[in-house]
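Please keep the sequence and the structure in view while reading.

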Amino acid sequence: MKKILANLFLSVVTLGFAAAAPAATDDAKAAYKAAEDNATATYKAERAKCDAMSGNPKDVCIEEAKAAEKRSKAEA
């Protein structure tokens, strides 16, 4: 009898977690998408600042903007 009650309790707990998982996933997806969009917007703004430069400083500026974008996306 104890084994049946333990299995029933475990089943109820498992179903409870399974029902809550999709809701958390949707929120996480939205937060990830917002962070990714923010990183892209920041990259575009930083990249626009590089257009005023020329030569090697421009190349360095572009690479730093790309690195910042990748870092932001990785943190998301």
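Is E46 buried, partly exposed or exposed? E46 is partly exposed, because its relative accessible area is 33%, where buried means under 20%, exposed over 50%, and partly exposed in between (1.4 Å probe, protein chains only).

## Basis of the model

This is a predicted model, in which local features need pLDDT of at least 70 and side-chain atom pairs count only at pLDDT 80 or more, while totals for chains, interfaces and linings use all residues. Residues are numbered from 1 along each chain as its sequence is written, and side-chain values use heavy atoms, with hydrogens and water left out.

## Overall composition

The protein has two helices and zero strands. Both kinds of element are DSSP runs numbered from the N terminus, with helices being H or I of at least four residues and strands being E of at least two. Helix α1 covers residues 2-50, and helix α2 covers residues 56-75.

Of the 76 residues in the protein, 9% are buried.

## Helix α2 and its two sides

Helix α2 has 20 residues, and at 1.5 Å a residue it should span 28 Å; the end C-alpha atoms are 29 Å apart, which agrees. The expected span is 1.5 Å times one less than the number of residues.

The buried residues of α2 are C61, I62, A65 and E69. They lie on the same side of α2 because they cover an arc of only 100° around the axis, the arc being that of the directions from the helix axis to the C-beta atoms. N56, E64, K70, A74 and E75 are exposed on the other side of α2.

E69, in helix α2, counts as buried because its relative accessibility is 15%. Leaving aside residues up to four places away in sequence, E69 touches A39, T40 and Y43, a contact meaning heavy atoms within 4.5 Å.

A65 and K44 are 21 residues apart in sequence, and their C-alpha atoms are 8.3 Å apart in space. K44 lies in helix α1 and, at 57% relative accessibility, counts as exposed, whereas A65 is among the buried residues of α2.

## Salt bridges

How many salt bridges are there? The count comes to five, a salt bridge being a side-chain nitrogen of Lys or Arg within 4 Å of a carboxyl oxygen of Asp or Glu.

D37 is partly exposed at 39% relative accessible area, and K33 is partly exposed at 44%. K49 is exposed, with a relative accessible area of 55%.

In α2, E63 and K66 are separated by about one helical turn because they are three residues apart. Their side chains form a salt bridge at 3.8 Å, N to O. E63 is partly exposed at 46%, and K66 is partly exposed at 35%.
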